Amino acid sequence: MARRAMGEGVVKGARRPEVRLPVLEPYRDGQLEPDGDYDSLEFREEDLSGQDGAGARFMDCALKGCTLDETGLHHARILDSVLTALRGVGTDLAESTLRDVELVDPRLGGVQLHGAVLERVVIRGGKIDYLNLRKARLRDVVFEGCVLVEPDFGGARLERVEFVDCAVKGADLTAVTLTDVDLRKAAELDIARGVDRLAGAVISPSQLLDLAPVLAAEMGVRVEGE
């Protein structure tokens, strides 16, 4: 395990989604419904702000340029879908399931994904502020070329998760469990809390040097000049 922390061990790569959307029909309903069933639909620049789609299922769907301010999607299921250029603050996806999903160029803030399950998901580009993934389960997830500001992974379980060319700022890893998590290609890695939970992750030698002050503080070691 120590060798992994030094970047010398073998880490299993994440399996990426292979989404092949069918011919889609345009979404025309205008209002989401709780427990709604949405299959093979294209949501294009829809304003879904404040709507309640709790428990809804989205299968083989494309959401493009939609606004999700305070949209309620608690316990929703998003499967085999592509989400592009979503915008919103306070979107509620708590305890939802995302499986075989591509999230491209989002601009989101305060997204609630606590208790959610993410499997074979790629988040590519864009910026997400204050992402709440507390007690979530992530398996085969890739964060690629995106900016994560103060993401909260507290109590989450991450397995085969990769951070590629992305900036991670002020991450909270309190009580997190990591298995085959690859941080070596992160463009920026800043851990605010929970640096002691890095067992099961792989970092690069340069990242180890950057994290040295935080690791020393966690161990109670003072570093002073002579």
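User: Is Thr91 buried or exposed?

Analyst: First, the ground rules. This is a predicted model, where local features need pLDDT of at least 70, side-chain atom pairs count only at pLDDT 80 or more, and totals for chains, interfaces and linings use all residues. Residues are numbered from 1 along each chain as its sequence is written, and side-chain values use heavy atoms, with hydrogens and water left out. Buried means under 20% relative accessible area, exposed over 50%, and partly exposed in between (1.4 Å probe, protein chains only). Thr91 has a relative accessible area of 2%, so Thr91 is buried.

User: Where does Thr91 lie, and which residues does Thr91 touch?

Analyst: Strands are DSSP runs of E, at least two residues, numbered from the N terminus. Thr91 sits in the loop that links β7 (87–89) and β8 (97–104). Contact means heavy atoms within 4.5 Å. Setting aside residues up to four places away in sequence, Thr91 touches Leu68, Glu70, Thr71, Gly110, Val111 and Gln112. Val111 is 20 residues from Thr91 along the chain, yet their C-alpha atoms are separated by 5.0 Å. The Thr91 side chain also reaches the backbone oxygen of Leu68 at 2.7 Å.

User: Which strands pair with β8?

Analyst: Two strands pair if DSSP finds at least two bridges between them. Strand β6 (residues 77–84) runs parallel to β8 and is joined to it by 7 bridges; Ile78 has Leu98 in β8 as its bridge partner. Strand β10 (residues 117–124) also pairs with β8 in the parallel sense, over 7 bridges, and there Val101 is partnered by Val121 of β10.

User: Why is β8 described as largely enclosed?

Analyst: Because 7 of its 8 residues are buried, β8 is largely enclosed by the rest of the structure.

User: How many aromatic pairs does a search of the whole structure find?

Analyst: Rings of Phe, Tyr and Trp (its six-membered ring) pair if their centres lie within 6.5 Å; planes under 30 degrees apart count as stacked, over 60 as edge-to-face and the rest as tilted. The search finds 8 pairs. One of them, Phe143 with Phe163, is stacked, at 4.9 Å centre to centre and 15° between the planes. Phe143 belongs to strand β12 (residues 137–144) and Phe163 to strand β14 (residues 157–164), so the pair ties together parts 20 residues apart in sequence. Both Phe143 and Phe163 are buried.

User: Which residues form one aromatic cluster?

Analyst: Tyr27, Tyr38, Phe43 and Phe58 do.

Notes: Helices (H or I, at least four residues) and strands (E, at least two) are DSSP runs, numbered from the N terminus. A polar contact is a pair of N or O atoms within 3.5 Å; within protein, one must be able to donate a hydrogen and the other to accept it, and residues adjacent in sequence count only if both atoms are side-chain atoms.
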